Amino acid sequence: MRELISAPRPPGNLDVCELLADNQSKEATRGLKTWRRAKDRGALVGVHTCGDARVVPTSIFCTPTIIEIASIAAASSVEPFSYAMRHSGVMASIVLGHFALDSIIKKGYAEGCGGLHERSHLSSVEQDPEGDSVEKYILDNVASPDVAIQTIISATQMC
Ligand SMILES: [Zn+2]
């Protein structure tokens, strides 16, 4: 029994007590106060990102005062989050399109988003996926394999 208790846990496997302590830490409390003050001033920013982008919007904008929604290719409907995104505390909402900078440098065009790449290989005429498959999600939500076009479409849907 002693060996089990002292055995190291796998990284990233936090227990509830550690999560609670982290949520109640001085840093977390300070961040929450900052976020609430920004909300009261109408200074929050809504950001819709691709969940595969590995980008941290708080790092890009150098502020913790962000409401972030992530979906495949930043293409899902934001309607379930419309209250938050259109709240008076949100001064602006933006969509971050996802591509690899290297693709532009090396190939001259943007690629690197798995959702957009998959969209270029799916045709709603040729395939008719059913259920909750990723292919069905992409056909239903990703209108274009082009990152600029899809980003504009996603942005218009946030209004
Ligand atoms: Zn992506």
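G42 is exposed, with 12 other C-beta atoms within 10 Å. The model in which this residue is described is predicted. G42 belongs to the loop that connects α3 (26-41) with β1 (44-50).

Contacts of G42 beyond four places in sequence are S88, G89 and M91. For M91, the separation is 49 residues in sequence, while the C-alpha to C-alpha distance to G42 is 5.5 Å.

## Strand β1 and its partners

Of the seven residues of β1, six are buried, and the strand is mostly covered. β1 runs parallel to β2 (residues 66-71), and six bridges join the two strands. On this side, H48 has I69 of β2 as its bridge partner.

β1 is also parallel to β3 (residues 90-95), to which five bridges join it. Here V47 stands opposite I94 of β3.

## Two positive phi angles

R54, not a glycine, has a positive phi of about 55°. R54 sits in the loop between β1 and α4 (57-60). R54 counts as exposed because its C-beta neighbours inside 10 Å number 8, and the cut-off for exposed is 12 or fewer.

A74 is not a glycine either, and its phi is positive at about 50°. The loop between β2 and α5 (82-85) holds A74. A74 has 32 C-beta neighbours inside 10 Å and therefore counts as buried, the cut-off being 20 or more.

## The nonpolar core

In soluble globular proteins, nonpolar side chains tend to be buried together. In this model, the largest nonpolar core has twelve residues: C50, A53, I72, A73, A74, A75, V95, C113, L116, I138, V142 and V147.

C113, one of the core residues, is in contact with C50, D52, A73, H98, F99 and V147 when neighbours within four places in sequence are left aside. Among these contacts, C50, A73 and V147 are also listed in the core.

## M158 in helix α9

M158 is placed in helix α9 (residues 147-158). M158 counts as partly exposed because 19 C-beta neighbours lie inside 10 Å, where buried would need 20 or more.

Leaving aside neighbours within four places in sequence, M158 contacts H48, V78, M85, S93 and V95. One of these, H48, is bridged to I69 in β2, and another, V95, is in the largest nonpolar core. M85 is 73 residues from M158 in sequence, with 8.0 Å between their C-alpha atoms.

Definitions and conventions. Residues are numbered from 1 along each chain as its sequence is written. This is a predicted model: local features need pLDDT of at least 70, side-chain atom pairs count only at pLDDT 80 or more; totals for chains, interfaces and linings use all residues. Helices (H or I, at least four residues) and strands (E, at least two) are DSSP runs, numbered from the N terminus. Two residues are in contact if their C-beta atoms, placed from the backbone, lie within 7 Å. A nonpolar core is a set of buried Ala, Val, Leu, Ile, Met, Phe, Trp, Tyr and Cys residues joined through C-beta atoms within 7 Å. Two strands pair if DSSP finds at least two bridges between them.
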